[in-house]
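Hi,

Here is the structure I promised to pass on. Have a look at it first, and then read my notes below.

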Amino acid sequence: MDFIEDLKWRDLFKDCTDEEGLREQLKQQVTCYCGFDPTADSLHIGHLQQIMLLKRYQEAGYRPIALCGGATGMIGDPRPTTERKLLTAKDVEHNVACIKQQLSKFLDFESGRALLLNNYDWLGKIDLLTFLREYGKYFNVAYMLNKDTIASRLQTGISYTEFTYTILQAMDWLHLYQNYDCSLQIGGSDQWGNLTSGTDLIRKVEGDKAHVFGITSPLITKSDGSKFGKSEGKNIWLDKEKTSPYTFYQFWLNVSDADVIPFLKRLTLLSKEKIEELALSLQTEPHLRKAQKALAEYLTVLVHGEAEFANALKITNTFFNGDIRELNGKQIKQGLESAPTTTIANNTLLIDALIQIKAAKSKREARELINNNSVAVNGEKRKDLDFVLSKKDAFDQELTVIKKGKKNWFVVLFEE
């Protein structure tokens, strides 16, 4: 398959301004770009598809530009329903620095093989009159009102600030075309209106000799209709301080059978043959979950590195099959991130602790659990009714882990 056919097989090709022309363009050296607005100090897995698309272009021999929206991030791409909260210049500057560091993990910026740019470097220098005279005159208001992102907000209201966002993104592409010979912009399907604004502006300014192309990919959705990129309502971030590598690994390990092959196609660089092999395994031996394991390993290594993948795998295997005494406090915190956590007094009787952490409703039930060998403390079964939980016996003298039965975990911290 050629490059575009591979994109189509992976469901990464939705709309294109000129597919035939793009095919010709891709026969030579091409520079493409995708923008990332710094609305937070970390990207999340919802950004992975576009990051991996830039990586695909680089692997295919093209030059990608990852554009941090230091300027557009101060405006905000219009949401479908509500106005974005404006960030301060200091917050945007901090977020840009963090995102630049993250993008460097995925793309090779050495020797000019890829570029990492910030649109504040040019948009930040333009005064209002220049904006209106040199750029605003090219945009017909009626045309802009038909853009999906703007049209969807006409009933609820959209500020002039967000209304101008599509112009700023078009100005970005014009600048990149003029200064970096960037002829291709990629984005999710929700960016189609912004992409076509860019192609229109470039042709109006540069004339018909300008051959530029916009291509979108379908947004990722889960088969059950829930929003991709979240677990229990929380974003899955690429920053390990926001989402631990273990939680990141578990998210991919637990994706449904219906979702795993589409995710492998769209978010990894695994070959068609390898993905088809995993798809066959999913049909013939689904209990082995080879596809989920391959996806989780690939993305955890990609985002966090081999060492963090090995750590996540160790935590996973230990909590399901092993002895938690083989883990340290940090690993236990990752593994039990979502477990209920309770703070109790030092030297509390286990019977009383079971009630405080809501593992038992009464002392009678607590005694029965202990007598039935159903309670483990820090990986060791406890049948002593007089057993006391002490800070000195805790992992790293900080936390104690109580397990009730086979699957119910509780984290205990101690009062200072």
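This is a predicted model: local features need pLDDT of at least 70, side-chain atom pairs count only at pLDDT 80 or more; totals for chains, interfaces and linings use all residues.

Is L128 buried or exposed? Its relative accessible area is 58%, and the cut-off for exposed is over 50%, so L128 counts as exposed. L128 also belongs to a nonpolar patch on the surface, together with L129, L132 and Y160. Between them, these residues have about 460 Å² of accessible area. Helix 6, which covers residues 128-135, gives the patch its largest share, with 3 residues.

Now for the inside. Searching the whole structure turned up 2 cavities of 30 Å³ or more. The largest cavity holds about 40 Å³ of space. Its lining is made up of L7, L12, Q50, L53, Y57, I186, G187, I215, T216 and S217. Helix 3 (48-59), strand 4 (182-188) and strand 5 (213-217) are the elements that each give two or more residues to that lining. Sorted by class, the lining has 6 nonpolar and 4 polar residues, and no charged ones.

A376 has 9% relative accessibility, and buried means under 20%, so A376 counts as buried. If you also pick R325, you will find that A376 and R325 are 51 residues apart in sequence, with 12 Å between their C-alpha atoms in space.

Cheers

Conventions
Residues are numbered from 1 along each chain as its sequence is written. Side-chain values use heavy atoms; hydrogens and water are left out. On a 1 Å grid over the protein atoms alone, a cavity is a set of points where a 1.4 Å probe fits but cannot get out, and a pocket is an open set with protein on both sides within 12 Å along at least five of seven lines; lining residues have an atom within 4 Å of a point. Grid points are joined across faces, edges and corners, and a volume is the space filled by probe spheres set on the points. Helices (H or I, at least four residues) and strands (E, at least two) are DSSP runs, numbered from the N terminus. Ala, Val, Leu, Ile, Met, Phe, Trp, Tyr, Cys and Pro count as nonpolar, Asp, Glu, Lys and Arg as charged, and the others, Gly among them, as polar. Patches are made of residues with over 30% relative accessible area and no salt bridge: like charges are joined within 9 Å, nonpolar side chains (Val, Leu, Ile, Met, Phe, Trp, Tyr) within 5 Å. Accessible areas come from the Shrake-Rupley method with a 1.4 Å probe; for residues, only the protein chains shown count as cover. A salt bridge is a side-chain nitrogen of Lys or Arg within 4 Å of a carboxyl oxygen of Asp or Glu. Buried means under 20% relative accessible area, exposed over 50%, partly exposed in between (1.4 Å probe, protein chains only).
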